[in-house]
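Here is a friendly tour of one protein chain, written for someone who likes to know which parts touch which. Have the structure open as you read.

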Amino acid sequence: MKTNQHLAPQLTALRAKRPVQIKPTGLDARLNQLAQQLGVTLKELASLLQLSESTLHRLRHQTALSGPTAERAELLQQVIQHGLRVYADDEQALRDWLRYPLGELDGRTPLQTLTTIAGFTQVNDVLGRIEHGIFY
């Protein structure tokens, strides 16, 4: 019997394109947790994920995110984790900071800045400066 070694690279590529699996608590719980930690409504969360509100509500019944939506959800989670480290696990302090206009962000709030991929980097940079005691 002949082995399918020539198919191995193709199978690896297929595995890499599978949707990101969400924890057993389900996607609805994960999205609700993201919204709660960020202190945003589901409508605002949809905007941060670059989705329409109706698409977000449809996704809540699925078990996995894929593509750019999964990447944005992961980036949001990274910002939350970084913010919680900076604010000593005080979720309310993080939520307040996310809604406060900052000079470093041209007068925009961190939440307003999180609408672009570059914005995620800017927000993490500001959190890093706060973490190291560098204030403007």
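## Before we start

Two residues are said to be in contact when heavy atoms of theirs lie within 4.5 Å of each other. That rule sits behind the packing described below for helix H2, whose buried residues pack against several other elements. Please keep in mind that this is a predicted model.

## The chain as a whole

The chain is made of 8 helices and 2 strands. Reading from the N terminus, the elements come in the order α-β-α-α-α-β-α-α-α-α.

Of the 136 residues in the chain, 38% are buried. The chain exposes about 8500 Å², and carbon and sulfur atoms supply 54% of that area. Among contacts with a separation of 6 or more, 57% are between residues 24 or more positions apart.

## Helix H2 and its surroundings

Helix H2 covers residues 27-38, which is 12 residues. From its first C-alpha to its last, H2 reaches 16 Å, close to the 16 Å expected at 1.5 Å a residue. After the helix comes Gly 39, with a positive phi near 70 degrees.

Which residues of H2 are buried? They are Leu 27, Arg 30, Leu 31, Leu 34, Ala 35, Gln 37 and Leu 38. As for their packing partners, these buried residues meet helix H3 (42-48), helix H4 (53-59), strand E2 (64-65), H5, H6 and helix H7 (110-113).

## Where H2 meets H6

Two packed helices are described by the angle between their axes and the distance between the axes. For H2 and H6, the angle is about 75 degrees and the axes are 8 Å apart. An angle from 65 to 115 degrees counts as roughly perpendicular, so H2 is roughly perpendicular to H6. On the H2 side the meeting residues are Gln 36, Gln 37 and Leu 38, and on the H6 side they are Glu 91, Arg 95 and Leu 98.

## Helix H8 and its partner H5

What is the angle between H5 and H8 (residues 117-131)? They pack at about 10 degrees, with their axes 10 Å apart. Angles under 35 degrees count as roughly parallel, and H5 and H8 are therefore roughly parallel to each other. H5 contributes Arg 72, Leu 75, Leu 76, Val 79, His 82, Gly 83, Arg 85 and Val 86 to the contact. From H8 come Ile 117, Phe 120, Val 123, Asn 124, Leu 127, Gly 128, Ile 130 and Glu 131.

The buried residues in H8 are Gly 119, Phe 120, Val 123, Val 126, Leu 127, Gly 128 and Ile 130. H5, H6 and H7 are included in what covers them. Just after H8, Gly 133 has a positive phi of about 75 degrees.

## An aromatic pair

How many aromatic pairs does the chain have? The count comes to 1. The ring centres of Tyr 87 and Trp 97 are 6.4 Å apart and the planes stand at 45 degrees, so the pair is tilted. Tyr 87 is in the loop between helix H5 (67-86) and helix H6 (91-98), while Trp 97 is in helix H6, 10 residues apart.

Trp 97 counts as buried, at 8% relative accessibility.

Thr 113 belongs to helix H7. It counts as buried because its relative accessibility is 1%, and the cut-off for burial is under 20%. Leaving aside neighbours within four places in sequence, Thr 113 is in contact with Leu 105, Arg 108, Gly 119, Phe 120, Gln 122 and Val 123. Thr 113 and Leu 98 are 15 residues apart in sequence, with 9.5 Å between their C-alpha atoms.

Thr 69 is found in helix H5. Its relative accessible area is 12%, so Thr 69 is buried. Not counting residues up to four places away in sequence, Thr 69 touches Leu 49, Leu 51 and Leu 59. Between the C-alpha atoms of Thr 69 and Leu 48 there are 9.5 Å, and the two residues are 21 residues apart along the chain.

Conventions
Residues are numbered from 1 along each chain as its sequence is written. This is a predicted model: local features need pLDDT of at least 70, side-chain atom pairs count only at pLDDT 80 or more; totals for chains, interfaces and linings use all residues. Side-chain values use heavy atoms; hydrogens and water are left out. Helices (H or I, at least four residues) and strands (E, at least two) are DSSP runs, numbered from the N terminus. Buried means under 20% relative accessible area, exposed over 50%, partly exposed in between (1.4 Å probe, protein chains only). Accessible areas come from the Shrake-Rupley method with a 1.4 Å probe; for residues, only the protein chains shown count as cover. Rings of Phe, Tyr and Trp (its six-membered ring) pair if their centres lie within 6.5 Å; planes under 30 degrees apart count as stacked, over 60 as edge-to-face and the rest as tilted. The expected span of a helix is 1.5 Å times one less than its number of residues. Axes are lines fitted to C-alpha atoms, for helices over the stretch in contact, and angles run from 0 to 180 degrees between N-to-C directions. Angles under 35 degrees count as roughly parallel, over 145 as roughly antiparallel, 65 to 115 as roughly perpendicular and the rest as oblique.
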